[in-house]
Amino acid sequence: MSLSQVVPLTIRTLHVLAMVLAVGGTAAGWYGFRDEPIGDLALARRYEWVFWAALGVLVLTGVGNLGSLGVPGPATDWGRTLTVKLSLVVAVLCVSAVRTLSLVHAGERTDVADSTDATDPADTTDPTDAPAPPAALHRHLGRLYGVTAVLLVVIVALAEVLAHG
């Protein structure tokens with residue numbers, strides 16, 4: 001196997017592995033937040049780092065794959081399918097940004113709540129800074145993970161169409 005064959009194979013392998021991490025993690029997030037509230041959001045916050053790293057690998061290797069295949073014309077079936085796929089990638093970015101910001105905001109609210117001393121009359125912390133009800137937050141995160149997982153599965157299906165017709 002020559003180097004000219006190894007590089008594209010490595011890029012495609014990284015692309016597939018990154019997608020496995022993204023789809024698997026978001027599906028697990030959806031499942032984890034689906035029914036019962038998870039007491040600690042630390043695991044979800046750690047996964048967000050993995051997710052965004054995987055998304056970075058997907059974008060970089062996707063550009064590499066597109067460069068090796070050549071950019072199709074938008075009037076071709078392949079070009080239209082690629083346009084739909086890239087539009088869904090933008091949708092994943094937007095939904096994921098909302099999900100990550102929701103987790104960050106939930107962490108900040110928890111930090112404020114942890115620093116509040118309810119027995120101290122001198123504590124004038126705004127009561128509206130109290131953490132969101134865990135059930136509502138968990139339903140919100142579950143929906144965002146679910147939407148992300150569905151979008152990613154549709155992107156995988158479109159990638160199959162692009163690769164194999």
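In this predicted model, Ala-44, Tyr-47, Glu-48 and Phe-51 of H2 touch Tyr-145, Thr-148 and Leu-152 of H4. Sorted by class, the residues of this H2–H4 contact come out as five nonpolar, one polar and one charged. The two helices span residues 42–69 (H2) and residues 134–164 (H4), and their axes come within 14 Å, crossing at roughly 25 degrees. Since angles under 35 degrees count as roughly parallel, H2 is therefore roughly parallel to H4. The handedness of the H2–H4 crossing is left-handed.

H2 also packs against helix H1 (residues 3–34): here the axes come within 8 Å and cross at roughly 145 degrees. This crossing of H1 and H2 is left-handed. On the H1 side, the contact draws on Ile-11, Arg-12, Leu-14, His-15, Ala-18, Met-19, Leu-21, Ala-22, Gly-25, Thr-26 and Phe-33. H2 answers with Ala-44, Tyr-47, Val-50, Phe-51, Ala-54, Val-57, Leu-58, Thr-61, Gly-62, Asn-65 and Ser-68. Taken by class, the H1–H2 contact holds 14 nonpolar, seven polar and one charged residues.

As for the record, the unreviewed UniProt entry annotates residues 12–33, 49–70, 82–101 and 144–163 as "transmembrane region". Two of these annotated spans can be set against the model. Residues 12–33 are 100% helix and 0% strand, with 32 Å between the end C-alpha atoms. Residues 144–163 are likewise 100% helix and 0% strand, and their end C-alpha atoms sit 28 Å apart.

Methods: Residues numbered from 1 in each chain as written. Predicted model: local features only at pLDDT ≥ 70, side-chain atom pairs only at ≥ 80, totals over all residues. Heavy atoms only, no water. Axes fitted to C-alpha atoms, helices over the stretch in contact; angles between N-to-C directions. Helix = DSSP H or I, 4+ residues; strand = E, 2+ residues; numbered from the N terminus. Parallel < 35°, antiparallel > 145°, perpendicular 65-115°, else oblique. Left-handed = near helix turned anticlockwise from the far one by under 90°. Contact = heavy atoms within 4.5 Å. Nonpolar A, V, L, I, M, F, W, Y, C, P; charged D, E, K, R; others polar. UniProt positions renumbered as here; feature names shortened; annotations may be inferred.
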